[in-house]
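Please load the model in your viewer and keep the sequence panel open.

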Amino acid sequence: PYTLQASGQTSAGAWEINGSGVGSNAGEGWRAGFDGQGRFGGRNLRTLETATLRIAGDQKAIRLRLASGDGGRVDLDADLGREATAIRARAENLGLSAFNQDLAGSIDGTLTLSGRGDSMTGVLDAQLQDARGRGSPAAQGLDGALKARLAGNELAIDAAATNEQGLRANANVVLPAEASAAPFRVALHR
């Protein structure tokens, strides 16, 4: 058994975590569970179920279910290995201040990444609601959709945004990308 109390600062703001769990040897590896709460990006967060981390040689697996104090939720399942990677994430009504404390509004979305060796594919599908600067009136908020597809050496992005005043913006871009499952890496090619 262990207890954890930690805090720090990132470019997204201050964070802190408090909780407890159990770590143990699991076959040829190691496994830890964690239950607790914390704060990040101005949001209170807590585990909805025991978060787990498993490490066995080159294989790592994470399962995380979080709820935020504003009603948001984040689910993450990741399997990272020497040869293959599979990541599934979902955000539901997550406050944008989790990414930058100067933002307001929320996001819903899903992300999947999978691959083997030097090949990786992925899809991001996200919706923004009332995205704006913190302290700005809600009427200035943007609603939008973002779809991104990673395949081969390309990242294709389709985005659309609107606001209450009738603003409409659309963007469709294809960017060169570098991605591999092992070692795990996703980056824009410069």
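**The cores**

Select Ala-78, Ile-87, Leu-113, Met-120, Leu-150, Ala-177, Ala-179 and Ala-181: these eight residues form the largest nonpolar core. A nonpolar core is here a set of buried Ala, Val, Leu, Ile, Met, Phe, Trp, Tyr and Cys residues joined through side-chain atoms within 4.5 Å; buried means under 20% relative accessible area, exposed over 50%, and partly exposed in between, with a 1.4 Å probe and protein chains only. Apart from this core lies another, of seven residues, including Ala-91, Leu-96, Ile-107 and Ala-131. In soluble globular proteins, nonpolar side chains tend to be buried together.

The model is predicted: local features need pLDDT of at least 70 and side-chain atom pairs count only at pLDDT 80 or more, whereas totals for chains, interfaces and linings use all residues. Residues are numbered from 1 along each chain as its sequence is written, and side-chain values use heavy atoms, with hydrogens and water left out.

Next, centre on Leu-113. Which residues does Leu-113 touch, not counting those up to four places away in sequence? The contacts (heavy atoms within 4.5 Å) are with Thr-85, Ala-86, Ile-87, Met-120, Thr-121, Gly-122, Leu-150, Phe-184 and Val-186.

**The whole chain**

Zoom out and colour by secondary structure. The protein chain has 14 strands and zero helices; both are DSSP runs numbered from the N terminus, helices being H or I of at least four residues and strands E of at least two. The C-alpha atoms fill a box of roughly 60 × 40 × 25 Å along the principal axes. Buried residues make up 29% of the 190 residues. Among contacts with a separation of 6 or more, 29% join residues 24 or more positions apart.

Select residues 142-151 and 154-163, which are strand 11 and strand 12; they run antiparallel and are joined by ten bridges. Two strands pair if DSSP finds at least two bridges between them. Leu-142 has Asn-163 of strand 12 as its bridge partner. In the hairpin of these strands, with two residues between them, Gly-152 takes a positive phi near 60°.

Ile-157 has Val-173 of strand 13 as its bridge partner. Four residues separate strand 12 from strand 13 in their hairpin, and Gly-166 in the turn has a positive phi of about 100°.

Continue to residues 185-188, strand 14, paired antiparallel with strand 13 over four bridges. Ser-180 stands opposite Arg-185. A hairpin of four residues joins strand 13 to strand 14, and Pro-183 is found in that loop. Which kind of peptide bond joins Ala-182 and Pro-183? The bond is cis, with omega about 0°.

**Backbone exceptions**

Select Asn-93 in strand 8 (residues 84-95). Asn-93 has a positive phi of about 55° although it is not a glycine, and at 35% relative accessibility it counts as partly exposed. Then move to Asp-130 in strand 10 (residues 119-133). Asp-130 is not a glycine and has a positive phi of about 55°; its relative accessibility is 30%, so it counts as partly exposed.

**A last stop**

Finish at Gly-27, in the loop between strand 2 (13-26) and strand 3 (29-40). Is Gly-27 buried or exposed? Gly-27 counts as exposed because its relative accessibility is 79%. From Gly-27, draw a C-alpha to C-alpha distance to Arg-73: the two are 46 residues apart in sequence and 32 Å apart in space.
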